[in-house]
Amino acid sequence: MNITEFVIISAILVGIGIYGLVVKRNFIKTLFSIEIIVNAANLNLIAFSKFNPITSSAGQITALFSIAIAAAEVAVGLALIILAYRLYNDVDVKEFRRLRG
Amino acid sequence: MTDAIFIAVSVLTVGSAILALEFKELIYGAIALAASLLGVAMFFVMLDASFVAMFQVTVYVGAVVVLVIFTIMLVRREAWLQVKDGSRKVLGAILGLSIILALGALYLQSGLSTLQTKENSISIKQLSEEMLTYYSPALIVVGLTLAGSVIGALILSKREKGEEE
Amino acid sequence: MDFNTPILVTIILAVVGLLMPVIDALRRERISNKAYGIAASVTLAIVIGVIIFNILTNNTSNIILTNSVLSNDLFGAFFSIAMLLVSIISTISSIDYMRKTPNPAVYYSLMLLSSIGMVLIAYSTDLVMLIAAWELMSIPTYVLAAFKKRDPSSNEAAIKYFIFGALSSGLLIYGISLVYGISGSTNITVVIQSLAHIDESLSFIALLAIVTFAAGFGFKMALFPFHMWLPDTYEGSPTTVSSLLAAATKKAGFAAAIRVIVIGMSAFSVEWGLMFAVVAVLTMTIGNLAALTQKSLTRMLAYSSVAQAGYILIGLSVAPYSDLGISSAMFHVMNHAIMKSSAFIAAAAAIVSISTVNIDSFKGLGRRMPVTAIVLTISLLALAGVPPLNGFWSKLYLFTAAIDASSTVTWGSYLALAGVLNSALSLGYYGWVIRKMYFEPSTSEKVKEPRIILGVLIFTLIFMVGFGIYPTPLIEFSSLASPIP
């Protein structure tokens, strides 16, 4: 096993995440894309913690923190979705203005 | 043998990440996302980080994805959930691919492959010691972050008085 | 874990911040919005007092490298004071602005939690601490942006802000993983030491790490091309929250960028200065051009804050070549924090009194809301950099730093020229607002101005004019606190 394989898998996940962010209009899918990117970063961290000149647990700890933080983020994101759903219940989604430059 | 496992897990992770975004039905997308996250957890096991893998499974698959699925079922409404993709599909694909190629090329030609595996893996004891000594302020801050997100999420999803069903 | 200022500040803010929602949930009878607002403001004032006391009693070093996750240094104190001043300005103004909104306890509690995050970003010397504090700052502000729950534009603002914020933290974690990979540590001190003798073949990874960090922080600093979310967010959020976002969380991005990129990567000689300079010029120009066409004051201020981020970035990009670079950027950070929050609070006053921020309806505002109009005028002129206001001095310092750097790098003087031209351009739209307020007649009656907000506005007015006439203390403070003296 070599570290390059793992970081390349992680790079592929980042690419998929960016693709999803650019293409998908649905907020839930956007959330998925962000989670995929965070996971790619975590995979990178763990790979580097295994293949590292210095024995250090910092990589695994960072990954643990990042997972906890992502959970906190998702909770707020889902609350925003529920709020949006309530606001747009009677309204057509098309009224949701597009991102203006 | 390890190579075969590696390839299988890679296919699972990457394939279900793509499926998570491409499934028309969001519920299936969420399940595919769970599969992809499980794949990442398997990578963690391969990399001798079994505690992080366990954490990944419990928090991500057990909590986050389940929460997402509940939300999807709560807001289940055809018109709301099926927003069409923008016309930027090609642009997105090109951007994603070029990021993959750029990062891949960079990693391949850099000296990463010379990095060697350590003999001894990191024990949970070491992890918890570091977390409670050097990283203790960060641990408190993460606790506060979770508190803030719980308070915030509660207030956002709570119905106000006088707000009808 | 030693018991120093950042820890003390965290404890004070966290205790009050977490107690407020608990008390609110436990008590039967409702406590008025005002009481919570006053409690939060007093807490923030105490915290600012603690930090200033700590500086005055010389417990604060200006050594910015430690082997701990937090460093009690002047750099952190400087940014903390700038950001906490904005927090307190926004909090006090919220007493008027949010007086009819439900859930006041949570609103002020989230303000305090977000302030903890900002303070800890300024003090953190470890990348893990930085990302944890970054999230503590961001997550409450996602909720605050959506706090007008019945208003779809507030929800939309929060969703856009959330998407870009979450992406930025994802990128930051990716950047941390790369830095960790090549240095084996997350402590910035150790990172500097290992980057100094890094293997040649790994240098591309370090470059990639710089780019990911710049992108991650760039989303919060709203640098081009990461500024797309900002106008909608600032327009849709409650205006006091926009003031917090524009004037404080943005500064946290700069604090983090200075800590990580300018200090952390200084050992690593890559031409990131030029990269920053190009982004600075693009950010200024695009922000100012877009601001010219806006009809709403908050939207115009949003684009103007994009442009201001460009000015601050001038200081960062010349940091390796000029001693003035960081200190002038920090000087402008402090000034911009006050100028921008003052302008946003004036907009909030307009919303409270005449419930619009449409610039066309500002006709005759000089007569209808005299104090608000005069403070808005002063803050717009300060933002444009008109002497003798505080914004003039910091811009002068920034452009001097750029010219100073031109002895080493040729693009320094062009950077200064671009800054001067952009300032002239910005006078165009600021002047348009001022003309509307004073030189176009209106038949409308004089309206009552919100009293608490007026107090805040007068404070910012004194700050802007006072440090405009006598800028020396701020200049000295920023040069003392800057990591490269």
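Which residues does B:S16 touch, not counting residues up to four places away in sequence?

## A serine in helix α1

B:S16 touches B:V11, B:A32, B:L33, B:A35 and B:S36, not counting residues up to four places away in sequence; contact means heavy atoms within 4.5 Å. B:S16 lies in helix α1 of chain B, helices being DSSP runs (H or I, at least four residues) numbered from the N terminus. B:S16 counts as buried because its relative accessibility is 7%, and buried means under 20% relative accessible area with a 1.4 Å probe, protein chains only. A polar atom of its side chain lies 3.3 Å from the backbone nitrogen of B:S36.

## The model and its confidence

This is a predicted model, in which local features need pLDDT of at least 70 and side-chain atom pairs count only at pLDDT 80 or more, while totals for chains, interfaces and linings use all residues. Residues are numbered from 1 along each chain as its sequence is written, chains are lettered from A in the order in which they are written, and side-chain values use heavy atoms, without hydrogens and water.

The pLDDT is the predictor's confidence in each residue, from 0 to 100. Its mean for chain B is 85, and 86% of the residues of chain B reach 70 or more. Among the elements of chain B, α2(B) has the highest mean pLDDT (93) and α4(B) the lowest (51). Where pLDDT is low, the predicted coordinates should not be read in detail.

## Chain B against chain A

In chain B, 81 residues are in contact with 73 residues of chain A. Two salt bridges are counted between the chains, each a side-chain nitrogen of Lys or Arg within 4 Å of a carboxyl oxygen of Asp or Glu. A:K50 forms a salt bridge with B:D48, with the closest N and O atoms 2.7 Å apart.

Methods
Helix = DSSP H or I, 4+ residues; strand = E, 2+ residues; numbered from the N terminus. Buried < 20%, exposed > 50% of the residue type's maximum accessible area, 1.4 Å probe, protein only. Polar contact = N/O pair within 3.5 Å; in protein donor to acceptor, adjacent residues only side chain to side chain.
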